[in-house]
Amino acid sequence: MHVDPEIIRLLAFLIGVIAFAALNAAYLVWLERKEAAHIQRRIGPKEVGPFGLLQPLVDGIKLMTKQLIVPAGVDPVLFKIAPILVMVPAIMSFVTIPFSDTLVARNLDIGLLAIFAFASVNVLGLLLGAWGSRNKYAVISAARVVSQNVAYEIPMLITVVTLVMISGTMNLSKIVGLQMGGFWNWNILNLSASPLMPIAFLIFFVCMLAETNRAPFDMAEAESELVAGTFTEYSGMGFGVFFMGEYANIVIGASVATILFLGGWDCPFGLFPGVHWFLLKMYFLIFTVIWIRWTYPRTTFYGLLNLSWKILIPISFVNLILTSAMLKVF
Amino acid sequence: MSAFAESEAKETFVLNLGPQHPATHGVLRVKLTMDGEYIAEAEPVLGYIHRMHEKMGENRTWAQFLPNTGRMDYLHALAYNHGYVSVVERAAGIEVPERAEYLRVITAELNRVSSHLLWFGAFILDLGGFSPLLYAFDDREHILDLLESVTGSRLTYCYFRFGGVYNDIDDNFVPGTRAFIKRLRERMPMYHNLVTKNIILMKRLQEVGPISAEMCRKYGATGPVCRGSGINFDVRKHEPYSVYPEFDFDVPVYDQCDSMARYMVRMDEIEQSLRIIEQALDKLPEGPVMAEKVPKILKPAKGDYYHAVETARGSFGVRVVSDGTNTPYRLKLRSPTFSNLSLFGEASQGMLLPDALALMGSLDLVIPEIDR
C-alpha cells in the first residue's frame, strides 16, 4: 500500500505540535509554581516525583476525573465549546512557528498573519464561555477581555507592521533568516532601521502580557475582584483546558517575540545556531513573564487603557513613521 | 475616570459580592447595584457569622465571658481581652500590678504588629500582588511564636485575667522580642522599597477611595481609617489607659484621605508599636503579675461602666451594666470595624469595582468582629 509521505509528515507534525503545546502547558504550571515559590521563599511542589516533577501529571489526572458540572441555566453549547475555542487556535498557531531552519510544521508565507488571526479567536472563546455561563462576574470579565484586547492589539500590530516593513516578508522563517549571524543583527538592536527598536520590543512584550491576560494585566481573572473571571463556572477539565490554552498562548507570545526580535534560532555569537537557542530565548521570556506576575500588583482597567492609548500607541506610531522614513531615505 | 462618557439611560444590575468572595475576607455580603463596572449603590449585609456575643455575656459569669473576647477580632485578640478585663477591673475596683500592665502592653502591641502585618499582606493580595503576603507571614510567624510561649495560643488569645495576666514571661521572651524588633526594623525598608514605592500600587491607592473627615465623624470611624483622614485620634493617647502614658510614641496622621493614607498610617503604626515595645522592655519592672485577693466569684458593685481601648482597627469600647450579681446585667460591645464598614456605602458610590475593593481592603475588615 502506498501512503503519501506528505500525509505522514503532516500527522507527525500534528502529533508533535499537540504534544509540545500540552507538555508546555503542563510543565509551565510546574515552572510557575516553582518560580513563585522561589520568589516567595517557599519550596513549592516537591512531594510528587523528584522536585515535584510529576505534579502536572497528577494535577491533570485530578482535573480529568472531576465531574464536569454544567450549571443550570447556562447555554450548554457555548459553555462546552468555549474551552475548545481557546485551546485549538493556540495549538494551530504552533503549526507556523519555525523552531529552527528545518523544524517547522508548515512554512507559510503568511505565518505572522495566521498567528495573529488565531490569537484573536482566543478572545472569542473567552467571551463565549463567559456569556454562556451566565454569571455576572464572568460577563464583566468578558467585557474587560474584549476591550483589553482591542486596546492592545493596535500597538502590537503597529509594531509588527514595522517589523514586516523592515523584513519585507511575513514568512517567519525568512524573518529569522534576515537576523542571522550574531546578536548585533537581531531586530531588537537593528538601530539602523529605527533607533526605537529596543523600545518597540518593550512595547511588544507589554502587549503580549496584556494579550495573554498575564499579571499585571490579569484584569480578566482578577481573583480578588471577579472571583475567577471567565472561568468562574467551570470545573474539572473545562477549567483545565482554559488553563492549558492560556499557557499555550504564553508560549506562542514568547515564541513570536523571539522570532521577531531576538533572532529566533540564531546564536548570539554566530556559533552553532539551532533549536536549542530558540528554546533558550523563549523560555527566558516565559520566565520573565512569570517573574513579573509574582512581583507586581494588578493595574486597574482604566490604568491599562490609559497606558495603551496614551503611551504605547503613540510611541509605536512614531516608530512606524520613523522606520518608514529611514527605509525611504537610506 | 473622566475618559469614560456619561451614558444617559441607566441600566443597572445587582451584583452580590459575597458572602463567599475572595475580597471580603470572610462572610461579608455586599449587595452592589452596578451601572456597568461603576457602583451605583453598595449595601453591606451583615449577620452571616453572628454569634450573639453580647447575649452570651449576659448569660454567664464575668470570667466565663473572657474567652469570647478573643474570638471577635481574631487578629488583635489581646486588645479585646484588654478592653474587657479593664472594664471589669474598673467595675470591681481591682488594682493591677505594674508588671502585669507592662506585660499587657507588650503583648498587645506585638499582637497589633502581627495584625497590621497580616493586613498588609492581605491588602496587597486584594490589589493582585501575591508575594508580599508570604513575606509578611514570615515576620508574623515570629510574633506568633513569641506570643505562643507566653500565652499558650497562637491566634485566639485569652491571656489577661481580672487583676493581671495568668502567666509570667519566660527567660527567652525578652531577648526573643528584642531580636524580632531588630529583624522587623531591618525589613521595613524592604517592604517600602518593594511595595510602597511600586508605581502600580501608588497609582491604585493615591487619590482613590476618599473618606473625608466629616464622613468619619458621621459614621464614627476610628483607628487608622480616621487617622488617614487627618483626624488625630488614638485612644492610647487621648483617653490613656493602662501604662501607655509612660511611653513616648507618635500617632501617625495623614490628611490625604485616600487609600494610600490609610496604608501609610498602618505601616507607620508598626514602627510606633515597635518603639512602645522597646521602651516597655527597657522599663519592665519586677514583681507579681497577678493582683492578690481577686475574689473567685466576682460581684461588681451596681453601676454602669465603660472602657475603650485602641485596637488595630480602631476604638473598641465595652459597656457593662452591673446589678451586683455574678453575671452582667447588660453587656454592650462597640466594635470599630462595624462603624468603619458602615461608611463603605457612601464612600464607594460611583467608584469602579476594583477601586471600591481597594477601599474596602484599606478599611481592614474582620468580619467576626463586625457581626459579633
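Predicted model: local features only at pLDDT ≥ 70, side-chain atom pairs only at ≥ 80, totals over all residues.
Local features are given at pLDDT of at least 70, side-chain atom pairs count only at pLDDT 80 or more, and totals for chains, interfaces and linings use all residues. Residues are numbered from 1 along each chain as its sequence is written, while chains are lettered from A and ligands numbered from 1 in the order in which they are written. Chain A has 11 helices and 0 strands, whereas chain B has 15 helices and 8 strands. Helices (H or I, at least four residues) and strands (E, at least two) are DSSP runs, numbered from the N terminus.

**Chain A overall**

- Along the sequence, the pattern of chain A is α-α-α-α-α-α-α-α-α-α-α.
- The radius of gyration of chain A is 20 Å, which agrees with the value near 20 Å for a compact globule of 330 residues. This radius is taken over C-alpha atoms, and the globule rule is 2.2 Å times the number of residues to the power 0.38.
- Along the principal axes, the C-alpha atoms of chain A fill a box of roughly 65 × 60 × 45 Å.
- Of the 330 residues in chain A, 46% are buried. A residue is buried if 20 or more other C-beta atoms lie within 10 Å of its own, exposed if 12 or fewer, and partly exposed in between, with C-beta atoms placed from the backbone.
- Among contacts in chain A with a separation of 6 or more, 78% are between residues 24 or more positions apart. Two residues are in contact if their C-beta atoms, placed from the backbone, lie within 7 Å.

**Helix 7 of chain A**

- Helix 7 of chain A is largely enclosed by the rest of the structure, because 12 of its 15 residues are buried.
- Among the buried residues of this helix are A:Met197, A:Phe201, A:Phe204, A:Phe205, A:Cys207 and A:Glu211.
- The cover over the buried residues of helix 7 includes helix 4 (111-133), helix 5, helix 9 (236-261), helix 10 (275-293) and helix 11 of chain A.
- After helix 7 of chain A comes A:Asn213, with a positive phi near 55°.

**Chain B overall**

- Chain B has a radius of gyration of 21 Å, and a compact globule of 372 residues would have one near 21 Å, which agrees.
- The box filled by the C-alpha atoms of chain B, taken along the principal axes, is roughly 75 × 50 × 30 Å.
- Buried residues make up 50% of the 372 residues of chain B.
- Of the contacts in chain B between residues at least 6 apart in sequence, 70% join residues at least 24 apart.

**Strands of chain B**

- Two strands pair if DSSP finds at least two bridges between them.
- Strand 6 (residues 303-311) and strand 7 (residues 314-322) of chain B are joined by 9 bridges, and the two form a hairpin with 2 residues between them. B:His307 has B:Val318 in strand 7 as its bridge partner.
- Strand 7 and strand 8 of chain B are joined by 5 bridges, and B:Val321 is bridged to B:Arg330 in strand 8.
- Another antiparallel pair, strand 2 (residues 29-35) and strand 3 (residues 38-45) of chain B, has 7 bridges. These strands form a hairpin with 2 residues between them, and B:Gly36 in the turn has a positive phi of about 65°.

**Positive phi at other residues of chain B**

- B:Met52 has a phi near 60° and is found in the loop between strand 3 and helix 1 (53-58) of chain B. B:Met52 is exposed, with 12 other C-beta atoms within 10 Å.
- B:Arg372 has a phi near 50° and lies in the segment after helix 15 (367-371) of chain B. B:Arg372 counts as buried, with 20 C-beta neighbours inside 10 Å.

**Contact between the chains**

- In chain A, 24 residues are in contact with 28 residues of chain B.
- Helix 5 (136-167), helix 8 (223-226) and helix 11 (301-329) of chain A each supply at least two residues of the side that touches chain B.
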